[in-house]
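The chain is shown below.

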Amino acid sequence: MDRYIRKIRQAMPGGDIWIKESTYAQAEGLRAIYATAAEKECLIVDGCKAFLFEGEAVDGIKICPLNHANRLALNREIRYTRPQAIGAATASFGCGDRLGLANEGQLAAVRKTKAKPVLAQQSLRELDLTGRSYDDVIDAASWAVFKAGYREGYGADGDHLKTKREVEAALEHGCSMITLDCSGVLREPPAQAAALSRAYEQIPAKKRLPLEKEYMNEAQAASIGVTYTRQTWMEVLVTYLDAVELAEDIYIELIRSRGRRIDYEISLDETAHTTSAEAHYFVARELKKRHVRISSIAPKFVGEFQKGIDYIGDTEGFRHNLRIHCTVAACFGHKVSIHSGSDKFKVFPVIADETKGLFHVKTSGTSWLEAVRVIAGNAPELYRRMHRKALEHLDEARSYYKVACDVSAVRPLDMAADDELSAYLEQNHSRQLMHITYGILLKDTEMHDEIFEFLKKNEKIYGLQVKQHIEKHLTSLGCL
Ligand SMILES: [Zn+2]
């Protein structure tokens, strides 16, 4: 190690050198070490494969920046740094990171559990609102994993994708998980009987009749308490057939042919309708029949999973609802996925119980809110400007996210002293206000730079805060 320190000092004079030995990684023809020198982070490589990395050669070693090209090289050579499928037999926890600064804290929490982290998890909406790309998001996750010396594998989720083009782009950029959002093809079943029959009969008979025969006499479904009446069957087919066909097409065309394992999640949650057990069973059985391998299904549950606040609804009702979804999932061997899982402390113990610890839970906004909390507690002037801007643009943000947020219930900013600003992160309406306006705040270039500058300067505090908050989630989920 002394040899390295001497060489780094030569290349980067004037500063402390800190080499994190736990991140030392070795592959054939390559040694890679994470170091900070003169307060700059770098990757040090040597060995005959060092030429694959961009950087400055000094006396037989190479000092490289943590950039995109080097991340790709590192991914190729050191397997655990690249996203990989987690599978249906292991619990997983999705940690969206809108800033690219939270992954280390998130990983520090999840690595203490048996669950695997999905460290890169962004929907196109989030990428657009934050001005980031899949490359940026996976860069951040890969470096976090390398720096932490975490070798157990992590996932990258192309979240809430709706079209072939979107799925293809996510896979090209290295995502190991695809969440297909079926909301664009989920049909609303007509409430009136005659209209429902008409919609049902519009489905071509050669598809409809064999399926009708299969499902109206489905013994396995009946054995787990899922039964189709004429009406529920018609509703299920009208609503979900297109979604099944889309999921199948995408799988055959883009996923199966990829030659690597991909976690494929089918999301049915972005709709006004609660997903019934009959619907879940139909989608899962059809996909299995069509040889589509999925890792999880995200139903829409009873009650409300609003962004950044606790579950709204009857916890026992949710338990009952989740139980039947778990029974269906166990029947086909996939996990139940729970979206908008940030801060759902009331139902985490229920999720732990009913899934017997085998779940996928997605969080995202809560790590952003922890950033806002650090700002509120330490940079009051910046927080006040963010808060004011959020209020001004709330209506615009509401077009992306459906939340209850009532601003008249938010304490006027002028009345809050500096040391009371953190309290805004404790109250549901102000939490949602700051949660859904992240895109607007980050699109303001000046504010964006100030937020990043502040958080980078306070990286340790932010990392610790995120770690503790995610730990709270995992403890409540029975993982810690
Ligand atoms: Zn969702």
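## Residues with positive phi

Lysine 356 sits in the loop that links H13 to strand E13 (359-363). In this predicted model, lysine 356 has a positive phi of about 50 degrees, although it is not a glycine. Lysine 356 counts as exposed because it has 11 C-beta neighbours inside 10 Å, and the limit for exposed is 12 or fewer.

Serine 340 is another residue other than glycine with a positive phi, here near 50 degrees. Its loop runs between strand E12 (335-338) and helix H13 (348-355). Serine 340 has 22 C-beta neighbours inside 10 Å and therefore counts as buried; the threshold for buried is 20 or more.

## Packing of H3 on H20

Helix H3 (residues 103-110) and helix H20 (residues 459-476) have axes that come within 7 Å and cross at roughly 40 degrees. The angle makes H3 oblique to H20, and H3 passes H20 in a right-handed crossing. On the H3 side the contact is formed by Glu104, Gly105, Gln106, Ala108, Ala109 and Val110. H20 contributes Tyr462, Gly463, Leu464, Val466, Lys467, Ile470, Glu471 and Leu474.

By residue class, the contact of H3 with H20 comprises eight nonpolar, three polar and three charged residues.

## Packing of H14 on H20

Helix H14 (residues 365-378) also packs with H20, at an angle of about 135 degrees and with the axes 9 Å apart. H14 and H20 are therefore oblique to each other. The crossing of H14 with H20 is right-handed. From H14, the contact involves Thr366, Ser367, Glu370, Ala371, Arg373 and Val374; from H20, the residues are Ile461, Tyr462, Gln465, Val466 and His469.

The contact of H14 with H20 divides into five nonpolar, four polar and two charged residues. Tyr462 and Val466 of H20 take part in the contact with H3 and also in the contact with H14.

## The chain as a whole

The chain contains 20 helices and 13 strands. Its C-alpha trace spans about 80 × 60 × 35 Å along the principal axes. For 480 residues, a compact globule would have a radius of gyration near 23 Å, and the 24 Å of the chain agrees with this.

Of the 480 residues, 46% are buried. Among contacts with a separation of 6 or more, 70% join residues 24 or more positions apart.

Methods:
Residues numbered from 1 in each chain as written. Predicted model: local features only at pLDDT ≥ 70, side-chain atom pairs only at ≥ 80, totals over all residues. Helix = DSSP H or I, 4+ residues; strand = E, 2+ residues; numbered from the N terminus. Rg over C-alpha atoms; globule rule 2.2 N^0.38 Å. Contact = placed C-beta atoms within 7 Å. Axes fitted to C-alpha atoms, helices over the stretch in contact; angles between N-to-C directions. Parallel < 35°, antiparallel > 145°, perpendicular 65-115°, else oblique. Left-handed = near helix turned anticlockwise from the far one by under 90°. Nonpolar A, V, L, I, M, F, W, Y, C, P; charged D, E, K, R; others polar.
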